[in-house]
Amino acid sequence: IRVWLAVLFALVVLMIAVGGLTRLTDSGLSITEWRPVTGALPPMSAEAWEAEFEKYRQIPEYQLQNEGMSLSEFKTIYWWEWGHRQLGRIIGLVWALGFLFFLATKRIPPGWTARLLIPGVLGGFQGAVGWWMVSSGLTGEMLDVASYRLALHLGLAFVILGLLAWYIMALGRSEADLMQARRGREVRLFSMATGLMHAAFLQILLGALVAGIDAGHTFNDWPGMAGQVFPPAAFDITPLWRNFFENAGLVQFMHRVIGYALLAFGIVVWMRARRSGNDATRGAFLAVLAMLVLQMLLGIMTVLYIAPLWLAILHQLGAVLLFTLIMRARFLAQYPPAQSVRT
């Protein structure tokens, strides 16, 4: 079961990367229909390709941004979105086949059936959220999907990723071992790690907002923004609340500030973890701090170099690694592994 979950985990990481590239290449609106079953097959003839291209010509993104695009250029963005959706179907299939197999052969440990069902249910909901997100860019005057819907879509992917990571770690040890380890849990450190996990999740959502409105292509100086601490024209959009989702300067400013706060909180948690009597726990929180510093440096470079594709996706994958390391440190604070008393 752990191998099956590890395969799902790897596929979700790949899905996050492909989804990020789909957004960064402006490919997400190339398929204008949601066909969960029949959509698995791409256009198979010149006429079918022309029909798909004609559907794309009817949406604002083509009319206001990509007018005059060739069929060859359309195929490039089409394949990105088709691959993203196809990968979603593969993940659903791998989950369903694995779950049904382990259920039918009665290999699921007691109390785990409902838990293993959750990622599949969330995965199905994720598909619906994905279409809800895409549909926001098919009508009206929007050239891209709604940024808050993109944030929800990415956030749900990280919820699934976090569940899979926790399950993999929990199933790596026997129930008896976990019950014994729980007696030695570090309650304060676990609570702080939980807070760090939530703060990192918030920062990931803000990162999605930055990507959703291409805010990384603006204010490309650091540590200031346009030569000042607070970006100019941060509240120019009306009504006021839309600025927190659609104003490039304000959204990037929030992402920066939460990033600084996250690093500061990470240092505080690491200092508390240094007092742990468990080597594995101390090492896990040191890894979190190291990744926090690296992720911040990647974020700064992404800003300074105006978010090139390779650097932007590396920053996104850094978020995946950081979130996973936080989950691991949190798990070890809750279930510290046994070690020699001499240590």
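What you're looking at is a predicted model. So what is the protein built from? It has 12 helices and 0 strands, and from the N terminus on the elements read α-α-α-α-α-α-α-α-α-α-α-α. The radius of gyration comes out at 22 Å, close to the 20 Å that the globule rule gives for 343 residues, so the protein is as compact as a globular protein of that length. Along the principal axes, the C-alpha atoms fill a box of roughly 70 × 60 × 35 Å. As for the interior, 48% of the 343 residues count as buried. If you take the contacts with a separation of 6 or more, 77% of them come from residues 24 or more positions apart.

Now zoom in on helix α1, residues 2–24, and look at how it sits against helix α4, residues 71–104. Their axes come within 10 Å and cross at roughly 165°. With angles over 145 degrees counting as roughly antiparallel, that makes α1 roughly antiparallel to α4. The crossing is a left-handed one. On the α1 side, the residues in contact include Trp4, Leu8, Leu11, Met15 and Val18, while α4 contributes, among them, Trp80, His84, Ile91, Trp95 and Phe99. Sorted by class, the residues of this contact are 16 nonpolar, 5 polar and 1 charged.

Next, turn to the other partner of α1 in this tour. At what angle do α1 and helix α6 pack? The angle is about 160°, with the axes of α1 and α6 (residues 147–170) 9 Å apart. That makes α1 roughly antiparallel to α6. Here's where the opening definition comes in: the crossing of α1 and α6 is left-handed. From α1, the contact draws on residues including Arg2, Leu5, Phe9, Val13, Ile16 and Arg23; from α6, on residues including Leu150, Phe158, Leu161, Leu164 and Tyr167. By class, there are 17 nonpolar residues, no polar ones and 2 charged ones in the contact of α1 with α6.

Definitions and conventions. Residues numbered from 1 in each chain as written. Predicted model: local features only at pLDDT ≥ 70, side-chain atom pairs only at ≥ 80, totals over all residues. Heavy atoms only, no water. Axes fitted to C-alpha atoms, helices over the stretch in contact; angles between N-to-C directions. Helix = DSSP H or I, 4+ residues; strand = E, 2+ residues; numbered from the N terminus. Parallel < 35°, antiparallel > 145°, perpendicular 65-115°, else oblique. Left-handed = near helix turned anticlockwise from the far one by under 90°. Contact = heavy atoms within 4.5 Å. Nonpolar A, V, L, I, M, F, W, Y, C, P; charged D, E, K, R; others polar. Rg over C-alpha atoms; globule rule 2.2 N^0.38 Å. Buried < 20%, exposed > 50% of the residue type's maximum accessible area, 1.4 Å probe, protein only.
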